[in-house]
Amino acid sequence: MGLIRARFAGRLGRFALDAAFEAPAAGVTGLFGPSGCGKTTVLRAIAGLNRLAGECRVGDETWQEVGRFVPAHRRAVGYVFQEPSLFAHLSVEGNLLFGAPKRWRGPSFEEIVDLLGLARLLGRGVEGLSGGERQRVAIGRALLSEPRLLLMDEPLSALDQQARAEILPFLERLARATALPMLYVTHDMREIERLADHLVLMQAGRVVASGPLADMQSDPDLPLAAAREAAVTLSARVAAADAGDGLMALAVGGARLLAPRVLAREGDALRLRIAAGDVSLALSRPADSTIVNSLPASIRSARVLNDSDMLAVLALDEAPGEARILARVTRRSWRELGLSEGRAVHAQVKGVSLQG
Amino acid sequence: MQGLSPDVWIAVRLTLELALLTTALLLLLGTPLAWWLARSRVRWKEGVAAVVAMPLVLPPTVLGFYLLIALGPDGPGGAIAGLWGARTLAFSFAGLVIGSIVYSLPFVVQPIRNAFEAMGERPLEVAATLRASPAQAFWRVALPLARPGLITGAVLGFAHTVGEFGVVLMIGGAVPGKTKVLSVAIYDYVETSRWREAGLLSAGMVVFSFVVILATILLGRRAARAGS
Amino acid sequence: MRIRRLAFVAAALGATWAAAWGASAARAAETHVAVAANFTEAAREIAVAFKAGTGHDAVLSFGASGQFYAQIVQAAPFEVFLSADDERPRKLAEEGLGVASQRFTYAIGKLVLWSRSAGLVTGEETLREAKFDKLSIANPVGAPYGAAAIETMKKLGLHDALKPKIVEGASIAQAFQFVETGNAEVGLVALAQIVGKQGSRWLVPQSLYAPIRQDAILLKRGEGNPAALAFVAFLKGPQARAIVEKYGYALDGAP
């Protein structure tokens with residue numbers, strides 16, 4: 001598997017941009033950071049739309065290095081802008097086929113149109129489309145240009161809540177259905193949790209850290225874990241599609257979790273999100289709790305978050321190789337239970353949300 | 001319109017030919033110029049824009065006088081005319097076309113430039129990420145999107161050429177069928193007190209101008225609606 | 001406080017301006033004169049002499065006679081009209097816009113074949129041999145010099161042969177401009193235009209064309225203006241006639 005390697009330097013408004021990262025040229029890499037931190041600039045530089053000093057390689061192709069700058073139109077990227085930016089003079093089909101190779105008549109057109117639910121829009125002009133429909137057309141248009149890398153610049157941020165809810169499932173399906181690597185810029189952690197496999201964390205023009213999503217989420221030294229909405233994303237398999245009482249059983253490594261049932265078959269891969277605030281700790285397996293998920297775990301590390309709270313990073317005993325989960329507990333409980341790093345505990349998981 | 005002499009119709013035909021050819025050449029010339037003015041980042045481009053806009057404020061007689069010299073044996077026009085053994089480009093249809101192009105240039109360039117500027121950078125960036133070369137982006141995106149501006153420019157250029165008088169008068173020599181266009185014919189009728197013909201042709205020009213301006217306004221509104 | 005001071009300044013300025021205006025109006029009368037373009041230079045000199053002799057101002061407007069005629073019919077504020085022909089003053093008199101008794105020939109134009117190149121024009125044979133590309137004339141329907149040019153060519157039996165080479169200026173001034181800029185090698189223009197110019201010329205004999213009588217007329221509008229009456233009288237006098245002759249025109253009754 002190849003790598004996406006980027007390193008750019010230049011001025012960006014008030015501060016200097018000096019960003020370098022590597023990411024696998026597979027799956028979805030989230031480019032995350034507060035507004036104005038330089039994410040979009042980096043993305044545009046990778047597309048060749050901005051010309052900054054630096055280097056850019058995707059797999060075995062070099063798009064930029066010292067003395068070499070491949071112009072934007074010779075880079076096999078698909079770019080989805082924040083606003084759909086459809087061509088007003090073309091129909092939906094005309095927009096979709098704009099960047100498609102001339103010989104294009106393969107099954108992929110039908111596939112992509114199906115994937116994005118565009119079939120009944122094909123003959124229409126672009127004026128009458130809803131915001132969500134427009135952005136789907138823009139995504140389809142980018143995909144049909146046969147990119148080697150799909151770049152998405154906050155594709156949901158210009159949409160209303162309803163349109164976001166409409167597009168997110170398309171993006172998830174896209175991420176799972178194609179082998180196309182994706183760089184996804186956003187300042188919304190929820191989108192990262194649902195889509196990304198890998199994360200590049202940016203702040204004030206610099207890359208703070210980058211790595212697999214779960215590692216980054218559970219790294220107590222990074223701001224993510226300290227955030228009020230801190231959570232980890234785990235990949236799970238459906239162990240039993242119907243575990244009775246409207247629940248289904250999921251396996252994360254050897255650990256088992258129960259979650260509200262969704263339409264899925266045994267063996268299907270699912271992403272689940274466990275928020276730090278939804279995990280409490282007990283010294284023994286409680287027999288008289290309403291919480292159904294209680295997992296044996298050990299405290300790997302802990303840090304004080306503020307006057308009242310502690311954050312603990314836990315390793316699941318039944319899934320030693322898998323990712324960590326986070327638990328947010330009060331400092332008083334921590335002291336009264338005599339918790340410390342290395343202690344064996346039971347993680348009580350109050351809520352598990354499925355990410356599709 | 002019985003009773004109008006045949007030279008009126010010769011003048012009408014000549015005027016239309018001149019306006020059509022001028023408009024076609026203006027689009028060919030003005031579009032790349034407008035593109036450059038809209039896109040270039042060089043500082044002196046506004047200087048070029050000012051030169052292009054000069055015919056808007058210069059009296060036609062000034063323009064006509066410079067053209068007369070430029071087209072004549074002492075100017076570049078004479079050198080060009082020398083290629084086919086003539087001494088001057090004045091008094092020729094070609095000379096009129098050149099004069100009309102200079103005179104009507106701002107009316108064509110300005111709306112097209114505005115259209116190019118109004119579309120912004122984004123459509124071209126999108127085109128680039130869809131593997132369109134700059135030339136392809138121009139033909140497949142910029143030009144179609146600038147269509148309202150191109151139409152407005154063409155209509156105004158055509159109308160302005162039809163109504164052109166001062167410049168034509170000064171470089172034309174009123175050669176029937178070659179340089180004696182409608183406005184010159186009207187002038188002749190006024191000059192010779194043939195009020196009836198002058199009145200009829202003038203009324204025709206008034207109606208024509210009204211239709212053209214109305215059409216431009218309506219086109220502009222339709223484009224604005226389509227763009228919103 | 002400030003407003004009052006401003007009002008005072010404005011009033012003072014207004015009074016000064018009014019005084020200046022009143023003084024100039026009282027000193028001398030002025031008259032508005034429409035002058036055919038070909039007579040421009042001579043008219044300027046006459047106006048200067050007029051001012052020196054009478055103290056009145058002649059405010060001159062120059063242009064094509066046909067245009068002036070149309071403007072006068074539409075009540076333009078001219079008081080004297082120096083036309084390039086005799087036709088329009090006659091019509092103005094008939095139409096009651098001009099004073100018939102104050103209509104007279106102030107100059108007789110002379111036609112000349114002129115080129116800015118030395119040696120190109122040698123005489124009648126220049127027209128006969130026609131070794132030129134373009135011959136510039138004034139619009140024959142609108143300008144008397146144009147009509148005289150056509151008449152000359154017809155008399156010489158050359159009109160049909162020369163016709164393809166003719167280019168027309170809307171006025172005699174433009175016909176001259178075509179030759180002066182070299183766009184036309186030769187032109188039949190007014191002698192008055194080439195006074196003091198280089199090049200080669202042939203003064204077309206008077207026998208080849210009807211005299212180009214340039215008539216002046218006092219317009220009805222100027223009847224009550226002493227300055228207008230004075231200008232008409234001055235134009236008939238010896239001082240003005242000398243200037244007219246100097247600029248290449250013949251005089252009525254002169255040989």
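Two residues are in contact if their C-beta atoms, placed from the backbone, lie within 7 Å.

This is a predicted model, in which local features need pLDDT of at least 70, side-chain atom pairs count only at pLDDT 80 or more, and totals for chains, interfaces and linings use all residues. Residues are numbered from 1 along each chain as its sequence is written, while chains are lettered from A and ligands numbered from 1 in the order in which they are written.

- Helices (H or I, at least four residues) and strands (E, at least two) are DSSP runs, numbered from the N terminus.
- Ala, Val, Leu, Ile, Met, Phe, Trp, Tyr, Cys and Pro count as nonpolar, Asp, Glu, Lys and Arg as charged, and the others, Gly among them, as polar.

**Where chain A touches chain B**

- Here chain A gives 16 residues and chain B gives 13.
- Strand β7 (residues 77-80) of chain A makes the largest share of the chain A side, three residues.
- The chain A side divides into nine nonpolar, six polar and one charged.

- Chain C has ten helices and ten strands.
- Of its 255 residues, 47% are buried. A residue is buried if 20 or more other C-beta atoms lie within 10 Å of its own, exposed if 12 or fewer, and partly exposed in between; C-beta atoms are placed from the backbone.
- Take the contacts in chain C between residues at least 6 apart in sequence: 80% join residues at least 24 apart.
- The largest nonpolar core has 243 residues, and V80(C), F81(C) and L82(C) touch the most other members. Such a core is a set of buried Ala, Val, Leu, Ile, Met, Phe, Trp, Tyr and Cys residues joined through C-beta atoms within 7 Å.
- Helix α5 (residues 93-119) of chain B provides the largest share of this core, ten residues.
- Beyond its neighbours within four places in sequence, F81(C) has contacts that include A34(C), F68(C), P89(C) and L219(C).

**A covered helix in chain B**

- Helix α6 (residues 122-129) of chain B has seven of its eight residues buried. Among them are P123(B), E125(B) and T129(B).
- The buried residues of α6(B) pack against α1 (39-47) and β7 of chain A, and against α5 and α7 (134-145) of chain B.
- Just after α6(B) comes R131(B), with a positive phi of about 70 degrees.

**Two hairpins in chain A**

- Strand β13 (residues 247-252) of chain A runs antiparallel to β14 (residues 255-260) of chain A, joined by six bridges. Two strands pair if DSSP finds at least two bridges between them.
- Two residues lie between these strands, and G253(A) in the hairpin takes a positive phi near 60 degrees.
- Strand β12 (residues 231-240) of chain A also pairs with β13(A), antiparallel, over three bridges. Six residues separate β12(A) and β13(A) in their hairpin, where G244(A) in the turn has a positive phi of about 80 degrees.
- L250(A) stands opposite L257(A) in β14(A), and V238(A) stands opposite L250(A).
- In a regular strand, side chains alternate between the two faces of the sheet. The covered face of β13(A) holds M248(A), L250(A) and V252(A), while L247(A), A249(A) and A251(A) form the uncovered one.
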